[in-house]
Amino acid sequence: MNQKLALEILLAGESALLTGPAGSGKTYVLNQFIRLSKHDGKHVSVTATTGLAATHLGGSTIHAWSGIGIHDYITDNFVQHMSKGRKEIIEKTDILIIDEISMLHDYRLDMVDEICRLVRETPDEPFGGIQVIMSGDFFQLPPINRAGSTQGGFVVHSRAWQELDPTILYLGEQHRQDDETLLDILNSLRSGDVRRHHAEKLLARIDELPQDTDNLTELHTVNVDVDRINTERLNRLEGDTISYQATSTGSANYVENLARSVLAPQVLDLKLGALVMAVRNDPSKRYVNGSIGQVVAFEPGTDYPLVQFRGGKEVTMQPDTWELRDGDKKRASISQIPLRLAWAITVHKSQGMTLDAARIDLRKAFVEGMGYVALSRVRSLDTLYLHGINRTALQVSPDALAIDEQLRARSTTDSEKFAHLREQAEKRDLNPVKKAKSSGGSSWNDKIAKMRETHPNAYKPWTSQDDAALKTDFQNGSTIKQLSKTLGRHEGSIKMRLQKHFGEDVSL
């Protein structure tokens with residue numbers, strides 16, 4: 001099924017599973033659907049099974065949205081003890097998105113279904129009548145069963161799945177890989193039919209290295225290796241370190257949850273020549289999540305890094321904002337330069353990214369599907385460099401194989417069922433909301449310059465000396481107005497910084 005027909009079926013109000021191989025455009029279709037649905041006045045709740053996946057779509061985890069948290073079952077009077085705000089969000093929801101569905105246990109989907117029915121007082125309708133869109137690929141990371149917890153499997157085994165009976169939208173087009181050899185290997189992994197010649201082609205990449213190893217991103221399976229490599233490589237560079245401290249809004253528990261999911265670090269340390277990766281998509285399409293570049297300069301006045309991306313574009317990277325949303329409500333936000341050091345990242349955090357080139361170490365792969373996720377990040381075999389690989393990396397879940405066969409067959413049937421929507425799908429305008437062009441207005445740099453006439457340090461990174469002065473003067477009785485004048489920053493910035501240091505409840 002192609003993206004346009006899948007989108008049209010979703011817009012027709014069908015509950016569905018959006019699936020397909022890595023690089024088939026699942027996130028693109030979801031983002032289009034969310035935007036068009038909101039434009040039509042629908043209340044869309046965007047969730048995912050992990051906080052990391054949720055940030056890609058600007059949502060929250062399904063566990064937080066439904067109120068199940070870490071529970072394995074619904075207790076007596078569970079709904080009666082839910083907060084009024086939580087109930088209102090569920091009651092108002094027209095559409096529920098659950099991304100990375102492969103990682104959600106079957107029994108937890110049943111829990112979400114039961115809660116929706118109880119809260120919306122519609123016991124006979126799956127999910128209380130909400131249109132449910134699940135997205136993911138069962139060949140990627142599976143649900144994790146921990147000792148002492150309820151054991152579960154993929155959501156297709158749940159009662160809620162059977163009763164919902166979602167339309168299957170299996171995307172078949174490839175929008176990432178452009179190499180038939182790599183595609184053959186990935187497809188062989190998905191079919192559980194890795195042959196000797198596939199393994200030999202991968203093993204041949206162990207002896208290959210590009211001429212420029214200094215600017216090559218490495219994928220590793222564990223965090224300790226990633227942190228060690230990035231620190232070592234940054235320390236090798238000469239020159240001063242420029243640090244950028246993230247700022248946040250919202251109560252501490254929401255900020256903490258969001259921080260675990262944001263790929264940009266709390267403190268971003270950079271030097272001239274640092275290899276960096278963009279961790280957000282640029283609305284102007286100058287870079288995407290996963291674009292690799294090098295710091296070539298720092299902007300005078302702001303110290304914002306100027307990054308030359310591999311496509312040739314030079315971009316001054318300004319702070320971006322991640323939000324934790326709960327339905328229509330914003331619970332927390334974090335602002336930071338949307339970059340991270342890119343000499344090494346984990347396979348888990350690479351999920352959803354497209355890398356120009358990568359050196360991948362799969363010697364410590366410890367779960368089925370990890371090799372598939374890592375190998376599918378690059379566009380071609382020529383840009384894939386292996387440090388090593390183990391047997392687990394070449395395995396996929398036998399359950400995923402059986403499920404995939406069923407999903408493909410169902411998708412073919414559902415594609416014919418909705419064939420009448422194909423003409424409408426081809427004609428749909430995917431850009432119904434057009435912003436009027438500004439006639440005149442000043443640029444961002446002009447606005448900063450104007451602001452600095454009154455607040456000379458506006459939008460400059462906070463230094464450790466600034467923070468020390470802020471905390472000392474505040475504790476000695478200085479007012480917000482006095483602190484603003486002393487530190488050369490807007491009063492709103494002063495308040496946010498104090499809340500960061502002293503908590504949301506600090507008396508200002």
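This is a predicted model: local features need pLDDT of at least 70, side-chain atom pairs count only at pLDDT 80 or more; totals for chains, interfaces and linings use all residues.
The buried residues of helix α17 pack against α18 (480–487) and α19 (491–502). A search of the whole structure finds 24 salt bridges, several of which are described individually.

**Helix α17**

- Helix α17 comprises the 12 residues 464–475. At 1.5 Å a residue the helix should span 16 Å, and its end C-alpha atoms are 17 Å apart, which agrees.
- The buried residues of α17 are Asp-467, Leu-470 and Phe-474. They cover an arc of only 65° around the axis, and therefore lie on the same side of α17.
- Exposed residues Ser-464 and Gln-465 are carried on the face of α17 that is turned away from its buried side.
- Just after α17, Gly-477 adopts a positive phi of about 105°.

- Side chains of opposite charge can pair when their charged atoms come close.
- Arg-428 and Glu-8 meet through their side chains in a salt bridge, with an N to O distance of 2.9 Å.
- This pair links distant parts of the chain, the two residues being 420 residues apart. Arg-428 lies in the loop between α15 (422–427) and α16 (444–451), whereas Glu-8 belongs to helix α1 (residues 3–11).
- Arg-428 is partly exposed, with a relative accessible area of 31%, while Glu-8 is buried, with a relative accessible area of 2%.

**Other salt bridges**

- Within helix α9 (residues 196–203), Glu-200 and Arg-196 are four residues apart, about one turn of the helix. Their side chains form a salt bridge of 3.0 Å, N to O.
- Glu-200 is partly exposed at a relative accessible area of 42%, and Arg-196 is exposed at 70%.
- A salt bridge also joins Glu-416 to Arg-422, the closest N and O atoms being 3.5 Å apart.
- Glu-416 is exposed, with a relative accessible area of 51%; Arg-422, at 35% relative accessibility, counts as partly exposed.
- A network of salt bridges links Asp-110, Asp-113, Arg-117, Arg-159 and Glu-163.

**Strands β11, β12 and β13**

- Strand β12 (residues 292–298) pairs with strand β11 (residues 275–278) in the antiparallel sense, over three bridges. In this pairing, Leu-275 stands opposite Gln-294 in β12.
- Strand β12 is also joined to strand β13 (residues 305–309) by five bridges, and these two strands run antiparallel. Here Phe-298 stands opposite Pro-305 in β13.
- A hairpin is formed by β12 and β13, with six residues between them. Gly-301, in the turn of that hairpin, has a positive phi of about 90°.
- In a regular strand the side chains alternate between the two faces of the sheet.

**Loop residue Ser-261**

- Ser-261 is located in the loop between α11 (252–259) and β10 (267–270).
- With a relative accessible area of 6%, Ser-261 is buried.
- Ser-261 and Asp-72 are 189 residues apart along the chain, and their C-alpha atoms are separated by 22 Å.

Definitions and conventions:
Residues are numbered from 1 along each chain as its sequence is written. Side-chain values use heavy atoms; hydrogens and water are left out. The expected span of a helix is 1.5 Å times one less than its number of residues. Buried means under 20% relative accessible area, exposed over 50%, partly exposed in between (1.4 Å probe, protein chains only). The arc is that of the directions from the helix axis to the C-beta atoms. Contact means heavy atoms within 4.5 Å. A salt bridge is a side-chain nitrogen of Lys or Arg within 4 Å of a carboxyl oxygen of Asp or Glu. Two strands pair if DSSP finds at least two bridges between them.
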